[in-house]
Amino acid sequence: FPPSFVTQPVSQTNLYGGTANFTAAVSGTEPLFFQWRKDGTNLVNGGPIYGVNSNTLALPNIQFADGGNYAVVVTN
């Protein structure tokens with residue numbers, strides 16, 4: 001079965017220096033592959049960003065440059 005969102009990531013407003021975590025719950029035939037994006041561009045793990053290929057994206061120590069539109073693409 002194709003991926004289907006059970007719970008979609010929720011929009012957030014966070015304080016400078018705080019942490020943002022975005023989580024998506026998905027059902028479908030495994031394996032499921034996740035790719036998080038910011039403003040339409042695929043993210044890569046590194047620096048303060050991790051979890052770009054999992055169901056939870058973590059952004060610790062948020063800076064002004066981290067503001068934007070985050071989304072996840074899920075495929076199988």
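This is a predicted model: local features need pLDDT of at least 70, side-chain atom pairs count only at pLDDT 80 or more; totals for chains, interfaces and linings use all residues.
View 1. Start with the overall picture: the protein has seven strands and zero helices, and reading along the sequence gives β-β-β-β-β-β-β. The C-alpha trace spans about 40 × 20 × 20 Å along its principal axes. Its radius of gyration is 13 Å, which agrees with the value near 11 Å that a compact globule of 76 residues would have. As for what is tucked away, buried residues account for 26% of the 76 residues.

**View 2. Strand S2 and its partner S6.** Strand S2 covers residues 20-23 and strand S6 covers residues 56-59. The two run antiparallel, joined by four bridges. Look across from Asn21 and you find Ala58 of S6 standing opposite. S2 has two faces: Ala20 and Phe22 sit on the covered one, while Asn21 and Thr23 are on the uncovered one. So what does Phe22 do on its covered face? The next view picks that residue up. Phe22 pairs its ring with that of Tyr70.

View 3. The structure holds three aromatic pairs. In one of them, the ring centres of Phe22 and Tyr70 are 5.3 Å apart and the planes meet at 20°, so this pair is stacked; the cut-off for stacked is under 30 degrees. The pair links distant parts of the chain, with Phe22 in strand S2 and Tyr70 in strand S7 (residues 70-75), 48 residues apart. Both Phe22 and Tyr70 are buried.

View 4. Asp39 is partly exposed, with a relative accessible area of 47%. Asn61 is placed in the loop between S6 and S7. Asn61 isn't a glycine either, yet it has a positive phi of about 50°. For Asn61 the relative accessible area is 47%, which makes this residue partly exposed.

**View 5. The cis peptide bond between Glu30 and Pro31.** Zoom in on the bond joining Glu30 and Pro31: it's cis, with omega at about 5°. Where is Pro31 found? It lies in the loop between strand S3 (25-27) and strand S4 (33-38).

**View 6. The largest pocket and what lines it.** There's about 340 Å³ of space in the largest pocket. Of the 19 residues lining this pocket, Gln12, Asp66, Gly67, Gly68 and Tyr70 are the closest to its centre. How do the residues of the lining divide? Ten are nonpolar, eight are polar and one is charged.

Key
Residues are numbered from 1 along each chain as its sequence is written. Side-chain values use heavy atoms; hydrogens and water are left out. On a 1 Å grid over the protein atoms alone, a cavity is a set of points where a 1.4 Å probe fits but cannot get out, and a pocket is an open set with protein on both sides within 12 Å along at least five of seven lines; lining residues have an atom within 4 Å of a point. Grid points are joined across faces, edges and corners, and a volume is the space filled by probe spheres set on the points. Ala, Val, Leu, Ile, Met, Phe, Trp, Tyr, Cys and Pro count as nonpolar, Asp, Glu, Lys and Arg as charged, and the others, Gly among them, as polar. Rings of Phe, Tyr and Trp (its six-membered ring) pair if their centres lie within 6.5 Å; planes under 30 degrees apart count as stacked, over 60 as edge-to-face and the rest as tilted. Buried means under 20% relative accessible area, exposed over 50%, partly exposed in between (1.4 Å probe, protein chains only). Two strands pair if DSSP finds at least two bridges between them. The radius of gyration is taken over C-alpha atoms; the globule rule is 2.2 Å times the number of residues to the power 0.38.
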